[in-house]
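Thanks for coming, everyone. I have one structure to show, so let me put it on the screen.

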Amino acid sequence: MRTQAEMHELSVANSLAEQLLKLLKDNGGGRVVSALISIGELGCVNRDSLKFSFEIVNKDTVLETCRLEFLNVPAKLKCHSCCFVFEGMQREKCPVCDCENFFVISGKEVVLERVEIEK
Ligand SMILES: [Zn+2]
């Protein structure tokens, strides 16, 4: 289980590094000071593990000094009965009609929100 989790974070770190390198290229070079990453609460991403993976992936590269910052994003749920959209996995019922059936609209994403680039 632990190994799987780390594999997951490693692939997330790889994908983030690719996006950042592309941004740098489009920007005409420079250095990424920090990157803000939003993590859906259902994304099963361990932040420490992601930071660690990111360091490994980017060792001795231009991204080595990039600082990762994280933002928690609550899951978005939609009620089956009344279609009301609400946030947060800790809820057990729709706040409008008390229906206990709802489906997940979002909450698993790992998204690069903001990047600070220094020339
Ligand atoms: Zn409802």
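Predicted model: local features only at pLDDT ≥ 70, side-chain atom pairs only at ≥ 80, totals over all residues.

Let's start with the metal. Which residues coordinate the zinc ion? Four cysteines do: Cys79, Cys82, Cys94 and Cys97, each through its SG atom. The distances run from 2.2 to 2.4 Å. The angles among the four donor atoms are 106 to 117°, and the site is tetrahedral. Look at the sequence now. The donors of the zinc ion follow the spacing C-x2-C-x11-C-x2-C. Take Cys79 and Cys97 from that set. Cys79 sits in strand 3, residues 76–79, while Cys97 sits in the loop between strand 4 and strand 5, so this pair ties together parts that are 18 residues apart in sequence. Are these two buried or exposed? Cys79 is buried, at 1% relative accessible area. Cys97 is partly exposed, at 34%.

Next, the rings. How many aromatic pairs turn up in a search of the whole structure? Two. In one, Phe84 and Phe86 are stacked, with 6.2 Å centre to centre and 15° between the planes. Phe86 lies in strand 4, residues 85–87, and Phe102 in strand 5, residues 102–106, so the pair ties together parts 16 residues apart in sequence. Put together, the ring pairs link Phe84, Phe86 and Phe102 into a cluster. What about exposure? Phe86 has a relative accessible area of 4%, which means it is buried, as the cut-off is under 20%. Phe84 is partly exposed at 34%. Phe102 is partly exposed too, at 22%.

Last stop, helix 2, residues 47–57. Which of its residues are buried? Ser49, Leu50, Ser53 and Phe54 are. These four cover an arc of only 135° around the axis, so they sit on the same side of helix 2. Turn to the other side of helix 2, and you find Asp48, Phe52 and Glu55 exposed. One detail at the start of helix 2: a side-chain oxygen of Asn46 comes within 3.0 Å of the backbone nitrogen of Asp48.

Over to you for questions.

Terms used
Residues numbered from 1 in each chain as written. Heavy atoms only, no water. Phe/Tyr/Trp six-rings, centres within 6.5 Å; stacked < 30°, edge-to-face > 60°. Buried < 20%, exposed > 50% of the residue type's maximum accessible area, 1.4 Å probe, protein only. Helix = DSSP H or I, 4+ residues; strand = E, 2+ residues; numbered from the N terminus. Donors = N, O, S within 2.8 Å, 3.2 Å for Na, K, Ca; no water. Tetrahedral: all angles 85-135°; square planar, octahedral: opposite > 155°, others 65-115°. Arc of directions from axis to C-beta. Polar contact = N/O pair within 3.5 Å; in protein donor to acceptor, adjacent residues only side chain to side chain.
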